[in-house]
Amino acid sequence: MPDVRDSFSRVAANYSKSTFHTSSVRLQEVLDLARPKRGDLALDVATGTGNTAFALAPYVRRVIGLDVTREMLDEARRVAAERDVVNTDWVIGDASHLPFQDDTFDLYVVRAAPHHFPDIDRFLAEAYRVLKPDRDAAFVDCAPPLPARDVLHEVEMRRDPSHVLSLTVDEWVARLEAAGFEVEMAEVRELDWNYEEWMNNMAVAAELAAELAQVIDASSGEARTQLHPEWREGKLWHAYWHALIRARKPGG
Ligand SMILES: C[S@@+](CC[C@H](N)C(=O)[O-])C[C@H]1O[C@@H](n2cnc3c(N)ncnc32)[C@H](O)[C@@H]1O
């Protein structure tokens, strides 16, 4: 299986600049979902360059950003120093083997990463384990509806071999409930997606990017209706979806 660190170690700087990952509208969306509180100890799993952790930081006591790729955390540390953010810690680790004791965190957040995790049930079991009872978790990840997922799956796998699978929102709810969470809110929202920037974030070679654009543009039937690809001034735009989920670990 491809190592996710091979994908992200070479593009760390792109993720502290990416329009999607740094957008204040998108970060506010996570805050609205996670509802951080002043005294919270928060965990941001697969923090990357820390965009979500930095959004949480002003509203909580402390945020730990965890990621498996050292170069992404180096970039997060650089940004923290540049912005003088003092209530963040950066920890190397795997979402499926968290280096924390049971019932440690008041808030668990993960954004734009579970589609890389090889074992969703194991990652959710870890999320559940480290969260305190009666506390909340926010999950944000790509979640295209079927059949558009089948088209995007091919594109995602070739864009970044560390992609595993994007769950639909119904699949998310089933897995979260099986892990013991109570799902308080689960919805999908669609974005107008800048294909070129998406490819550039992962430094995809121009030839492959052009080939993958054709995969989206050649979609047909219901998938095409869902993706509604459009060329604007020679650049491809299409629909892209994320699941926004708030879930609670029931009280002890
Ligand atoms: C798109 S970036 C994360 C974006 C970030 N959460 C944000 O909101 O801006 C995906 C990150 O997931 C991390 N990652 C992938 N698999 C992981 C795992 N099993 N455990 C921890 N981090 C992982 C990668 O190293 C990468 O930094």
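## A guided tour, starting at the ligand

By class, the shell around the ligand is made of 10 nonpolar, 8 polar and 3 charged residues. Keep in mind as you click along that this is a predicted model.

**Stop 1: the ligand shell.** Select the ligand and the residues around it: 21 residues surround the ligand, and the closest are Ala46, Gly48, Asn51, Thr69 and Ala95. Now colour by secondary structure. Two elements give two or more residues to this shell: helix H1 (4-8) and helix H5 (51-56).

**Stop 2: methionine 72.** Next, pick methionine 72, which lies in helix H6 (residues 70-83). Is methionine 72 buried or exposed? It is buried, because 27 other C-beta atoms lie within 10 Å. Leaving out neighbours within four places in sequence, show the contacts of methionine 72: Phe8, Ala12, Tyr15, Gly48, Thr49 and Asp67. Gly48 is also one of the closest residues to the ligand. For a sense of scale, draw a distance from the C-alpha of methionine 72 to that of glutamate 182: the two are 110 residues apart along the chain and separated by 32 Å.

**Stop 3: the nonpolar cores.** Which residues touch the most other members of the largest nonpolar core? Select Leu56, Val109, Ala138 and Phe139, which hold that place in a core of 47 residues. Stay on phenylalanine 139 and display its partners. Setting aside residues up to four places away in sequence, phenylalanine 139 touches Val110, Pro114, Trp172, Ala243, Ile245 and Ala247. Another core, of 12 residues, lies apart from the largest one; its members include Val151, Leu152, Tyr195 and Leu227.

**Stop 4: a helix pair.** Bring up helix H8 (residues 148-159) together with helix H11 (residues 206-217). Their axes are 9 Å apart and the helices pack at an angle of about 170°, which means that H8 is roughly antiparallel to H11. To see the contact itself, show Val151, Glu154, Val155, Arg158 and Arg159 on the H8 side, and Leu208, Leu212, Val215 and Ile216 on the H11 side. By class, this contact of H8 with H11 has 6 nonpolar, no polar and 3 charged residues.

From that list, zoom in on leucine 208, in helix H11. With 12 other C-beta atoms within 10 Å, leucine 208 is exposed, since a residue with 12 or fewer counts as exposed. Leucine 208 and alanine 112 are 96 residues apart in sequence, and their C-alpha atoms are 23 Å apart in space.

Stop 5: Finish with the torsions. Most residues other than glycine have a negative phi, and most peptide bonds are trans. Here are some exceptions to visit.

- Leucine 146 and proline 147 are joined by a cis peptide bond, with omega about 5°. Look for proline 147 in the loop between strand E5 (131-142) and H8.
- Aspartate 103, not a glycine, has a positive phi, near 55°. Aspartate 103 sits in the loop between strand E3 (88-92) and strand E4 (105-111), and is partly exposed, with 13 other C-beta atoms within 10 Å.
- Alanine 203 is not a glycine either, yet its phi is positive, about 50°. Find alanine 203 in the loop between helix H10 (195-201) and H11; with 11 C-beta neighbours inside 10 Å, alanine 203 counts as exposed.

Definitions and conventions: Residues numbered from 1 in each chain as written. Predicted model: local features only at pLDDT ≥ 70, side-chain atom pairs only at ≥ 80, totals over all residues. Core = buried A, V, L, I, M, F, W, Y, C linked by C-beta atoms within 7 Å. Buried ≥ 20, exposed ≤ 12 C-beta atoms within 10 Å, placed from the backbone. Contact = placed C-beta atoms within 7 Å. Axes fitted to C-alpha atoms, helices over the stretch in contact; angles between N-to-C directions. Helix = DSSP H or I, 4+ residues; strand = E, 2+ residues; numbered from the N terminus. Parallel < 35°, antiparallel > 145°, perpendicular 65-115°, else oblique. Nonpolar A, V, L, I, M, F, W, Y, C, P; charged D, E, K, R; others polar. Near = placed C-beta within 6 Å.
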